[in-house]
Amino acid sequence: MSAPFVFHCLNIKLADELLKTCNEYLGYVRRPFQSVPVSQLWKCRQSNWADAFKEWGVLQFYMGVVTAIIMAVLRGLDWNNRHNDEHGKHHGEHHEDYNAAVIINIGIDVVVRILVCYILAHLSWFAVVRKNGCFCCIIACCECPPVLLLWGVLSIVWGIIGMLDSVQDLHDCIICIIGTIVQAFYCIILLYMGLCCLKLWIQHGSEIIPPVIQGKGPDGEVVGAAVIL
């Protein structure tokens, strides 16, 4: 199942292909766990690892939404406690304006976090499932199955580091415990997504070095001669 390493530069067709999948992926978000039930999703054996990755990505998005809301609430409570300790019973117009500014700031932060979660979930699904291994950076994109290995290793490493970090931040306060639980669950999702990527990489032949290198321009046309490795 050898596939070439394709380097895309300002490939408009690739960007258009991504945009055309927005409605499809939004449908997966609206109706999760259709292809893989929740009870099956936690198992280390799957009949279709691409579907499993898709469902884990959707779960990652929802977990990101929950995390954003919880962190906003905790941030608001922490600010309120610190503000009351610093200012005591002083009230007034300036105090109310400052409260409104803080609430708006927290609200904007929640919206941005949710948007980022959705974009990352959609991009990772497109890169792993649709393109069978794809890594994009602004104007350039690398496409080949070995990228699945890269995504899998990075996801697992991030999951392990996040898990260790959540344990170190565990204290006796309730807020710390809630934050630790949320972060630990998110790290478990990353571990499973990494496992899916590794399984998909194995299904594509476990290649590390692609046999051929190609370059594609803005319209998807092949640029130059292919390099055989």
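Predicted model: local features only at pLDDT ≥ 70, side-chain atom pairs only at ≥ 80, totals over all residues.
**Stop 1**

Start with the aromatic side chains. The whole structure holds eleven aromatic pairs. Select Y25 and Y28, which make one of them. The arrangement is edge-to-face, with 6.3 Å from centre to centre and 90° between the planes. Both tyrosines belong to helix α2, residues 22-30. They sit three residues apart, about one turn of the helix.

Buried or exposed: which is Y25? Y25 is buried, because its relative accessibility is 0% and the cut-off for buried is under 20%. Y28 has a relative accessible area of 25%, so it counts as partly exposed.

K54 lies over the face of Y28, 4.2 Å from the ring centre.

**Stop 2: a pair between helices**

Select F61 and Y118. Their ring centres are 5.7 Å apart. The planes meet at 80°, so this pair is edge-to-face, as the angle is over 60 degrees.

Which helices hold these two residues? F61 is in helix α4 (residues 49-87), and Y118 is in helix α5 (residues 93-130). The pair therefore ties together parts that are 57 residues apart in sequence. F61 is buried, at 10% relative accessible area.

Next, show Y25, Y28, F61, Y62, Y118 and W125 together. Ring pairs link these six residues into a cluster.

**Stop 3: the second largest pocket**

The space inside is about 170 Å³. Helices α4 and α5 each give at least two residues to this lining. Sorted by class, the lining has seven nonpolar residues, three polar and one charged.

**Stop 4: the largest pocket**

Move on to the largest pocket, with a volume of about 730 Å³. Select L123, S124, A127, C136 and W151. Of the 29 lining residues, these five are the closest to the pocket centre.

Then colour by element. Those that give two or more residues to this lining include the helices α1 (12-19), α6 (146-168) and α7 (174-203). Which element gives the largest share? Helix α5 does, with seven residues.

The lining of the largest pocket has 24 nonpolar residues, five polar and no charged ones.

Note on methods
Residues numbered from 1 in each chain as written. Heavy atoms only, no water. Phe/Tyr/Trp six-rings, centres within 6.5 Å; stacked < 30°, edge-to-face > 60°. Helix = DSSP H or I, 4+ residues; strand = E, 2+ residues; numbered from the N terminus. Buried < 20%, exposed > 50% of the residue type's maximum accessible area, 1.4 Å probe, protein only. Lys NZ or Arg CZ within 6 Å of the ring centre and 35° of its normal. 1 Å grid on protein atoms, 1.4 Å probe; cavity = no way out; pocket = protein on both sides within 12 Å on 5 of 7 lines; lining within 4 Å. Points joined across faces, edges and corners; volume = space filled by probe spheres on them. Nonpolar A, V, L, I, M, F, W, Y, C, P; charged D, E, K, R; others polar.
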